[in-house]
Amino acid sequence: MDLKGYLQERREIIDQALKRLVPGQGDYPERLHEAIGYSVFAGGKRLRPILALAACEIVCGEWGKAVVPGCALEMIHTYSLIHDDLPDMDDDDLRRGVATSHKVFGEAMAILAGDALLTHAFDVLSRDEDGGLPDRVRLGIIQEIAGAAGSRGMVGGQAVDIISEGEKEVDQPTLEYIHTHKTGAMIRSAVRVGAIAGGATADQLRALTRYGDRIGLAFQITDDILDLMGDEKALGKNVGSDLARKKKTYPALLGIPESRERAQVLASAAVEALNQFEARRESLRAIANFVVERMN
Ligand code: GRG
């Protein structure tokens with residue numbers, strides 16, 4: 001499989017849809033909409049929507065029904081990055097290869113751009129303009145994403161991450177909670193959302209949830225390694241910030257070789273969870289490998 005070509009093609013599908021769905025440049029208030037567009041279209045791998053499309057395709061043979069939910073996930077992901085970069089959170093000045101939102105637009109506008117993206121994601125989900133999803137399925141997707149993004153998901157993980165910063169000892173279960181919630185919840189949810197949109201059976205949804213859980217954790221472990229050893233230009237963000245902020249990470253707890261091995265084991269276990277899909281599992285298999293081998 002030509003993974004590079006596949007990712008590029010899917011990224012373009014998502015970018016086109018985002019151009020349609022994200023509130024437009026020139027809309028009033030212009031400065032707010034400029035800030036929104038600046039972060040959404042600064043780049044990004046579009047991993048979450050790509051996962052949603054692939055999960056939808058694996059269960060029903062087509063990806064179209066997952067485009068709008070995938071874009072909603074990307075809006076929420078972008079809001080989380082904008083807020084995460086703020087001085088009171090990670091205080092970063094580079095994201096997706098450009099200056100962070102608050103550096104360009106100021107803190108207040110960056111907070112509001114994130115708030116608007118989060119709210120707009122649910123507006124878009126409630127309308128489902130082109131997916132043709134039955135209301136019951138659409139409601140299931142809304143609940144799924146709200147759960148993954150909220151205080152029992154991503155925001156909860158971010159809260160424990162911040163509480164645990166500094167010198168305090170953090171044990172393995174707490175570290176796992178941070179990772180599975182801060183980052184893992186939205187990745188798991190991307191896979192589940194695609195599966196739900198595609199009309200997955202309970203058994204298919206269970207298998208894909210296992211896949212999503214495993215690549216979610218593998219993604220975060222790889223992210224921690226890249227923060228230590230990655231190339232700032234390729235990543236489009238500052239490296240070394242975890243160390244500087246004494247963040248609790250897998251490399252800090254286990255060292256780099258063991259962390260790498262753990263990410264690889266999780267990626268293999270993720271692929272194993274796809275056995276029932278046989279030949280149709282190719283794209284999700286390739287994405288699992290990408291998650292642990294990526295350079296950005
Ligand atoms: C502020 C509510 C709130 C939550 C923040 C997602 C998150 C929670 C924080 C981001 C911090 C961070 C850099 C975590 C590491 C994993 C991660 C989400 C990396 C960025 O995701 P990518 O690599 O980014 O998919 P792109 O730019 O490619 O979309």
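Colleague: How do the residues of the shell around the ligand divide into nonpolar, polar and charged?

Modeller: It's a predicted model, so local features need pLDDT of at least 70 and side-chain atom pairs 80 or more, while totals for chains, interfaces and linings use all residues. Residues are numbered from 1 along each chain as its sequence is written, and side-chain values use heavy atoms, without hydrogens and water. Ala, Val, Leu, Ile, Met, Phe, Trp, Tyr, Cys and Pro count as nonpolar, Asp, Glu, Lys and Arg as charged, and the others, Gly among them, as polar. On that basis the shell has five nonpolar, seven polar and nine charged residues.

Colleague: Which residues around the ligand come nearest?

Modeller: Being near takes a heavy atom within 4 Å of the molecule, and 21 residues are around the ligand. The nearest are Lys-45, Arg-48, His-77, Asp-84 and Arg-96.

Colleague: How far is the side chain of Lys-45 from an oxygen atom of the ligand?

Modeller: Polar contacts here are pairs of N or O atoms within 3.5 Å. Arg-48 puts a polar side-chain atom 2.8 Å from a ligand oxygen, and Arg-96 has one at 2.7 Å. For an N or O atom in the Lys-45 side chain, the distance is 2.5 Å.

Colleague: How much of the ligand's accessible area does the protein cover?

Modeller: Areas come from the Shrake-Rupley method with a 1.4 Å probe. On its own the ligand has 690 Å². The protein covers 93%.

Colleague: Which helix gives the most to the shell around the ligand?

Modeller: Helices are DSSP runs of H or I, at least four residues, numbered from the N terminus. Those supplying at least two shell residues each are α8 (154-164), α9 (172-197), α10 (202-229) and α4 (67-84). With six residues, the top contributor is α4.

Colleague: And which peptide bond is cis?

Modeller: Most peptide bonds are trans. Pro-29 sits in the loop between α1 (3-21) and α2 (30-40). With omega near -5°, the cis bond runs from Tyr-28 to Pro-29.

Colleague: Last one: where is Asp-91?

Modeller: Asp-91 has a positive phi of about 50° although it isn't a glycine. Its place is the loop between α4 and β1 (94-95), where strands are DSSP runs of E, at least two residues.

How values were computed: Polar contact = N/O pair within 3.5 Å; in protein donor to acceptor, adjacent residues only side chain to side chain.
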